[in-house]
Amino acid sequence: MQKFTIFTIILSTIVVTIITELVVQDYLQRVYNPTALQTSTLGTNSFESYITPTKDPEAEKSTTETLIEKLRENDLNKDDNESESLAEKLQNIRPSSRDEVIKDEVSDNEILLERIDTLLPALQLPGVKLQKANYQNKLFQLISTSEIDFTETAFATLQIDQEVIGSVYEFKSRTEIDAEKAFDDMRILANSFPNITTNQTNQFGDKSFYINHLVKVGEVFVVVQRDDRIYAFAYKKDYHESFKTFFGVLF
């Protein structure tokens, strides 16, 4: 009986030791996974990290949800005796029917990036496509534009065979004077960052400047003001001559 008890204790100790070791190894593997660390580091240093936005929960809202919120804000300024607001209509109808209502109500709104997309063949890069995405209020994923008064904003990546080679932004202001002020504000904000300088050449549009990044020397960052718009492009330096030709057609 005594031998059986000793054997049971030894066996229990071995089982507990093995389980503990497995749990510890699993935890360490999760925390110190070399592959995960390498992926994170490469992502930070890659070109795409400067031109492709990281996910923001606020920016993940659907177009309908965003429109409903904006319409509700506009309704606050309306007469209380007015008929049911568009925001209420959209909220109450079936999701499958919302697109038709939105189309009817905002059909007069100008679609940003449409002209750039139309003129894209002038870039003379075979297979290049424009892929629209949510703009998250940071130009080049660095310069916050939240405090700049734009009426509309848009963002897209430029891709060849699903490889991102650049990005484009378009910002609409109320007037040309507002756009000029926004242009100056962007340049001031860019200059406030370490390792960054700007070079205003006015080579494109009404006014333009380059952003010189002391680390990202293989990329080109350019901001252009034309009429009531601000355009911004980021692209690999290898494509600079093609983009200069494209800007000549665009602006």
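In what order do the 7 strands of the open sheet come, and is the pairing parallel or antiparallel? Here are my notes as I worked through this one.

1. Before anything else, remember that this is a predicted model. The protein chain has an average pLDDT of 74, and 56% of the residues reach at least 70. Go carefully with residues 53–64, where the pLDDT is below 50; that stretch has 16 contacts beyond near neighbours in sequence. Residues 101–109 also have a pLDDT below 50, with 9 such contacts in the model.

2. Reading across, the order is 1-4-5-9-8-7-6, and the pairing is antiparallel. At the edges you'll find strand 1 and strand 6 (196–200), each pairing on one side only. From one strand to the next, the twist averages 20°.

3. Next, find helix 9. It lies across strand 4, strand 7 (207–213), strand 8 and strand 9, and runs at about 160° to strand 9.

4. What about the nonpolar residues? The largest nonpolar core has 28 of them, and I116, V128, V222, F233, F246, F247 and F251 have the most contacts inside it. Several elements supply at least two residues each, among them strand 1 (128–133), strand 8 (219–226) and helix 9 (240–250). A second, separate core has 21 residues, including L139, F171, I196 and A232. As a rule, in soluble globular proteins nonpolar side chains tend to be buried together.

5. Leaving aside residues up to four places away in sequence, V222 touches F140, F204, F209, Y210, Y231, A232, F233, Y235 and F247.

6. Last stop: A154, which lies in strand 4. Why does A154 count as buried? Its relative accessibility is 12%, so A154 falls below the 20% cut-off. Skipping residues up to four places away in sequence, A154 touches L112, L113, Y135, V168, Y169 and E170. A154 and K172 make a handy pair to look at too: they are 18 residues apart in sequence, and 8.9 Å apart in space, C-alpha to C-alpha.

Conventions
Residues numbered from 1 in each chain as written. Predicted model: local features only at pLDDT ≥ 70, side-chain atom pairs only at ≥ 80, totals over all residues. Heavy atoms only, no water. Core = buried A, V, L, I, M, F, W, Y, C linked by side-chain atoms within 4.5 Å. Buried < 20%, exposed > 50% of the residue type's maximum accessible area, 1.4 Å probe, protein only. Helix = DSSP H or I, 4+ residues; strand = E, 2+ residues; numbered from the N terminus. Contact = heavy atoms within 4.5 Å. Pairing = 2+ DSSP bridges. Axes fitted to C-alpha atoms, helices over the stretch in contact; angles between N-to-C directions. pLDDT = per-residue confidence, 0-100.
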